[in-house]
Amino acid sequence: MKIKVLVTGSEGQLGRELQTLAPENPLFDFTFINRSQWDLGANKPLLPILKNSATQYLVNAAAYTAVDAAESDEANCFNINAVAPGKMAKDCKEANVRLVQISSDYVFSDGRGKLIKEDHPKLPAGVYAKSKSLGEDLVLSNHPDGTLVVRTSWLYSSFGKNFVKTILRKGMEGSPLRVVADQHGSPTYARDLAIAIIKLIEVSYGRPIRESERILHYCNEGICTWYDLAEEILCYAGLSAPLAAIDTASLGACAPRPLFSGLDCSRIRNVLGITIPGWKDSLHQCLDLLLTNNEWK
Amino acid sequence: MDFTQTGIQGLILITPKVIADHRGNFTETFNQRLMEAYGLQYTFVQDNEVHSIFGVIRGLHYQKGSAAQTKLVRVIKGTILDVAVDLREGSPHYMRAFSTELSEANHRQLLIPAGFAHGYAVLSESAVVLYKVDNYYSQQDEAGIHPLDPALSINWLLPPSSRILSEKDLTWPYTSSH
């Protein structure tokens, strides 16, 4: 029997990667829903969909991710990232469905050079960060035995809009680039995250979720600054666009950003028995895709 | 087993074939005959295993004169940024640093000939590095370059607050004094 998985946010980066991987995973029966089919923020009941489709796992890959816009759009951001997932968790509990909630490194704002473990006290700063943190709390309290929270960071892919594609495009145009060099974190290829989530479903299927694995960190190995990431993108693509390092303060963004958010991923590595690719290797893979298919535009 | 020349003459990336199935995987990690077929004639005499935690930078080490070592480096746990600095006088890449990710996931190995200084940074929670050398360890021939020497401008991909270095590695001279 196949494992029935429903994925929200099918047009997002993670959703698209899961769609790409679905055909290679015959043990799973994936259904993808986008915002027009079921809007996370619209407060429509999910229970009938879960019951009718006999879903066993729900991957909530839908989120409000515009970090700066969130500062002046608090109600909407909290509704999508916290209130709705909280309701979702209640529906999942009622329908006996496992929930995989995707969360963010932003729940930590006080990282200081050491990789951050799952049980490190949270300290979200900014509307987006607080909404994601509350989202975690709500799903975990509403469906404690059936929820897996996966925190990731600096997500990119060949799909949608993201930092890697923006730098590649600007680099191709030869535009001068100013990139922040005082925020450290781990870039994560959404393809790798999608692979880990599929593995997580497979490994946890049919057995109880241990309390110690309710929250898991997944990002590519290694940390860097956005500047290092931009430099690696330009270097790998053979581009010589001028690149200047700036600091967070001079960027003048509305929302606060963590200065160090390297996540310790040893827990997920142990639970899944996987190796995690380094960020450069994965970046090169994604760039190969973008450059061959000319998808950077 | 794939042998790839890097931008620096003599410095070679080796990628073994990993055969995976439902039980796990199998990898031939060293093959003298294949190395020789590729023109790499070394007799390795010692294996070293090093465990380190996140943020550790080791290096940049070499042994002087006839004690110089060729190293074959690989990682069986975690991810490192492996760095080799060309110290061969007259080399077109003299004092140039080459760096690459070696990891448990990519199974890659770096062959660093005698005449290079070697070091690495641990990018994962922990890492286990294995390396072969073709000359025995010799305490009196130990030498090094300061890993944070600005002249080499090595980006170790670790913020200053994460870096962990030994007292000894911090006492190595800068290249200006070589």
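Q: What covers the buried residues of α5 of chain A?
A: In this predicted model, the cover over the buried residues of α5(A) includes the helices α3 (67-70) and α4 (74-94) together with the strands β4, β5 and β10, which belong to chain A as well.

Q: What makes residues of α5(A) count as buried, and which are they?
A: A residue is called buried because its relative accessible area is under 20%, and in α5(A) this applies to V127(A), Y128(A), A129(A), S131(A), K132(A), S133(A), G135(A), E136(A), V139(A), L140(A) and N142(A).

Q: How do you know what helix α5 of chain A should span?
A: Helix α5(A) runs over residues 127-142, which is 16 residues, and at 1.5 Å a residue these should span 22 Å; the C-alpha atoms at its ends are 22 Å apart, so the two values agree.

Q: Why are strands β3 and β4 of chain A said to pair?
A: Pairing needs at least two bridges, and β3 (residues 57-60) and β4 (residues 98-104) of chain A have four, in the parallel sense, so they are a pair. Within this pairing, Y57(A) is found opposite R98(A) of β4(A).

Q: What makes β2 and β10 of chain A the edge strands?
A: The open sheet has six strands, ordered β2-β1-β3-β4-β5-β10 in chain A with parallel pairing. Both β2 (28-33) and β10 (215-217) of chain A pair on one side only, as edge strands do. On average, neighbouring strands of this sheet are turned by 20 degrees against each other, direction ignored.

Note on methods. Residues are numbered from 1 along each chain as its sequence is written. Chains are lettered from A and ligands numbered from 1 in the order in which they are written. This is a predicted model: local features need pLDDT of at least 70, side-chain atom pairs count only at pLDDT 80 or more; totals for chains, interfaces and linings use all residues. Side-chain values use heavy atoms; hydrogens and water are left out. Helices (H or I, at least four residues) and strands (E, at least two) are DSSP runs, numbered from the N terminus. Axes are lines fitted to C-alpha atoms, for helices over the stretch in contact, and angles run from 0 to 180 degrees between N-to-C directions. The expected span of a helix is 1.5 Å times one less than its number of residues. Buried means under 20% relative accessible area, exposed over 50%, partly exposed in between (1.4 Å probe, protein chains only). Contact means heavy atoms within 4.5 Å.
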